[in-house]
Number of protein chains: 2
Amino acid sequence: MKRLLFLALLIAFVGNIRAQETIMFNTGNIVSPEIKNDQTVTFRFLAPNAQKVEVEGSFLKQNRRAALTKDERGVWSFTTEVLQPEMHTYCFYVDGIRMTDPNNVYMCRDIATYTNYFFIDGELSANYIVRDVPHGTVSKVWYPSPGLGMNARRFTVYTPAGYEEGKKRYPVLYLLHGAGGDENAWSELGRAAQIADNLIAQGKAEPMIIVMPNGNGAQKAMPGEYENSMQKPTFMSRGMMDGAIEKAFPKDVVGYVDAHFRTIADKNHRAISGLSMGGFHSIYISANNPDMFGYIAPMSAAINRQSRNQQQPEIYQNLEEKMVTLFQKKPKLYRIYIGNTDFLFQDNVNFRKMLDKHGCKYEYFESDEGHIWANWRKYLNDLLPKLFK
Amino acid sequence: MKRLLFLALLIAFVGNIRAQETIMFNTGNIVSPEIKNDQTVTFRFLAPNAQKVEVEGSFLKQNRRAALTKDERGVWSFTTEVLQPEMHTYCFYVDGIRMTDPNNVYMCRDIATYTNYFFIDGELSANYIVRDVPHGTVSKVWYPSPGLGMNARRFTVYTPAGYEEGKKRYPVLYLLHGAGGDENAWSELGRAAQIADNLIAQGKAEPMIIVMPNGNGAQKAMPGEYENSMQKPTFMSRGMMDGAIEKAFPKDVVGYVDAHFRTIADKNHRAISGLSMGGFHSIYISANNPDMFGYIAPMSAAINRQSRNQQQPEIYQNLEEKMVTLFQKKPKLYRIYIGNTDFLFQDNVNFRKMLDKHGCKYEYFESDEGHIWANWRKYLNDLLPKLFK
């Protein structure tokens, strides 16, 4: 019946169409991935002439790849074991060539690589998935950045459901991305809007504004979104850890946000967090502005990974003294997140030893695994309920 | 020198990294597409073991495909002739399998198909490309839709540069997508924000708000953005041309926008336009609300393509009478856009004949080619300067 209705609609609409844009009808009828109630997943790919089709996924153990098998119609398929709740990512290798799944429109870009994703629902992933709850607004906003000598830079901002109504003022979380990322990273790979929507709807997190700026001082915005910027993004580039972003941050970003959004513009209603390079930025911005943030939460922070081929700017000097001053001013929360196989693990051990030596009272959350988005989503989901309470 | 600096940065940052996420480094060093000053473009693809690699592009004549040739390193390449200014789209076929270009991160989704894109700069495409001009804000906003029985639906909204400053009120263009599209279609494939930014900066268009709602009455938002919606989108589905969207539009969409944005809430500061199904929606929404829109511009409108397998709702009845009433009330502009090879061309001829019969004074813009985004970008670029003058 549904198929008949569809055909009736299609004929009514399209009539005697000649295929003017094959793009419109190039969708096939393969279902992939098929997520079953038992939490196994079947991947499918149509390729009668291929010799070998593999799936590479975050959920696969052995080399992270598995072979699909071909049926008589040329459809390759593979069914997983029962998968853990998570936002899982995968791609295909067809005769050795990496490609995304043409039957799954859900993709995310990590720096310069697209990867498909899907969700297994469960306790860990419950807040990553869109639910029937009030949704906040997500906007791309341009602001002037005299501190970086730029007329305009862009941030992503989440304003909670209800922001457009009434006159209420809100606390603000500044949430910073890692090297190679941009102002889209936390909202896409990090599921920041969904995590915030769900935690706020459950009454577990305070309604808050989340500002996700671009942390690459050589960029105005993500590649393609400003003039002459349509190049492939790279993991490392100029302007990421040279002190400029951190120096410009208080006036250019926080100042703009306080002037243009209904914020509660004081220390105890301001938080800063970030992953990897963004953890590093969080540490230095807060250490150099000890009266600005009441909540500080570096995640998998790239401590001591600043650029070495220049004189260190003042903002990177005397961190130990600055941390002592910061903790004397008693932030409400200083919470350090790290995975136990992270390549930055030992640097974070050393950072904590330094804080311990001075009796700085921080909190510590150590997870399994390493420098991966699965951890950063988990950390954000843990962090939001601890802010502004 | 640049490469050395990059290596220094990479080593400083990554140190003894073990490849925890191969995703991070899976970017290769192939440049594709390479857009040259002479407006030729070279595509490249690394596949030493492939038998045949082709590019399919909007800019290719013969079957729209061309074969790449392999060099001794296994890099396939093809260089085009001089290309016309446009936002060009393409994909690869590798041994017959369609895939996007892994070295070009710029992709757009048309319904369920991803396609890469690039720009050739020139008169036609000048406003599609991001320039160093003030940029408006693009937001995803949720609003209640009692008319469709939904607690929340989503639109994309462009507010012009300067909106966040001061108290000025703005006119509004409602810009509707086609069948299978969603509230992201005009901002992505249609380059609406870039076209508006550039025309406003040049003083050619009035600063305006552009509201791009979701025109599928069975959806709350684009697939994946509301609960239980992670399915592959389809070209046709329920809720597209059954009268419900048109009926709910004035109160649910226009009412919300006038209540929550600084609009000039009268007929001569309100415009409606849309492509294909959105052109159809524009025609019926304006015909049924003759005092609501001063500017009406159906593009490649799917006239008479409403669902046939039900009794026609009142909103679709007596169009001829309604058009006469509409024109008696003298809209500032009624401009019909159509391509001369569009499968809907004849329906638009008949529609104009009907208007002619009654002496309705519309404008008419006929382009080459058919039912394609290249035309809809061109039409929008033509339309914005004619609004609110």
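In which hand does α5(B) pass α6(B)? I looked this up before anything else. The crossing of α5(B) past α6(B) is left-handed. A crossing counts as left-handed if the near helix is turned anticlockwise from the far one by less than a right angle, and as right-handed if clockwise.

**Ground rules.** I am working on a predicted model: local features need pLDDT of at least 70, side-chain atom pairs count only at pLDDT 80 or more, and totals for chains, interfaces and linings use all residues. Residues are numbered from 1 along each chain as its sequence is written, while chains are lettered from A and ligands numbered from 1 in the order in which they are written.

Entry: Helices (H or I, at least four residues) and strands (E, at least two) are DSSP runs, numbered from the N terminus. Axes are lines fitted to C-alpha atoms, for helices over the stretch in contact, and angles run from 0 to 180 degrees between N-to-C directions. The classes are: under 35 degrees roughly parallel, over 145 roughly antiparallel, 65 to 115 roughly perpendicular, and the rest oblique.

I then listed the contacts. From α5(B), B:Ser286, B:Ala287 and B:Asn288 meet B:Leu319, B:Lys322, B:Met323 and B:Leu326 of α6(B). Contact means that the C-beta atoms of two residues, placed from the backbone, lie within 7 Å. The residues of this contact of α5(B) with α6(B) divide into four nonpolar, two polar and one charged. Here Ala, Val, Leu, Ile, Met, Phe, Trp, Tyr, Cys and Pro count as nonpolar, Asp, Glu, Lys and Arg as charged, and the others, Gly among them, as polar.

**Entry: chain A, α4 and α5.** I moved to helix α4 (residues 244-260) of chain A. α4(A) packs with α5(A) (residues 277-288) at about 55°, their axes 9 Å apart. The pair is therefore oblique. α4(A) passes α5(A) in a right-handed crossing. On the α4(A) side I found A:Ile245, A:Glu246 and A:Phe249; they meet A:His281, A:Tyr284, A:Ile285 and A:Asn288 in α5(A). This contact has four nonpolar residues, two polar and one charged.

**Entry: chain A, overall.** I counted eight helices and 18 strands in chain A. The radius of gyration of chain A is 23 Å, close to the 21 Å that the globule rule gives for 389 residues, so chain A is as compact as a globular protein of that length. The radius is taken over C-alpha atoms, and the rule is 2.2 Å times the number of residues to the power 0.38. Along the principal axes, the C-alpha atoms of chain A fill a box of roughly 70 × 50 × 45 Å.

**Entry: domains.** Chain A is assigned domain 1 (30-120) and domain 2 (137-386). Such bounds come from an automatic or database domain assignment. The C-alpha centres of the two domains of chain A lie 33 Å apart. Seven residues of domain 1 and 10 residues of domain 2 make the contact.

Entry: I checked omega. A cis peptide bond joins A:Ser32 and A:Pro33, with omega about -5°. A:Pro33 sits in the loop between α1 (2-14) and β1 (34-35) of chain A. The bond from B:Ser32 to B:Pro33 is cis, with omega near -5°. A:Asp95 is not a glycine, yet has a positive phi of about 45°.
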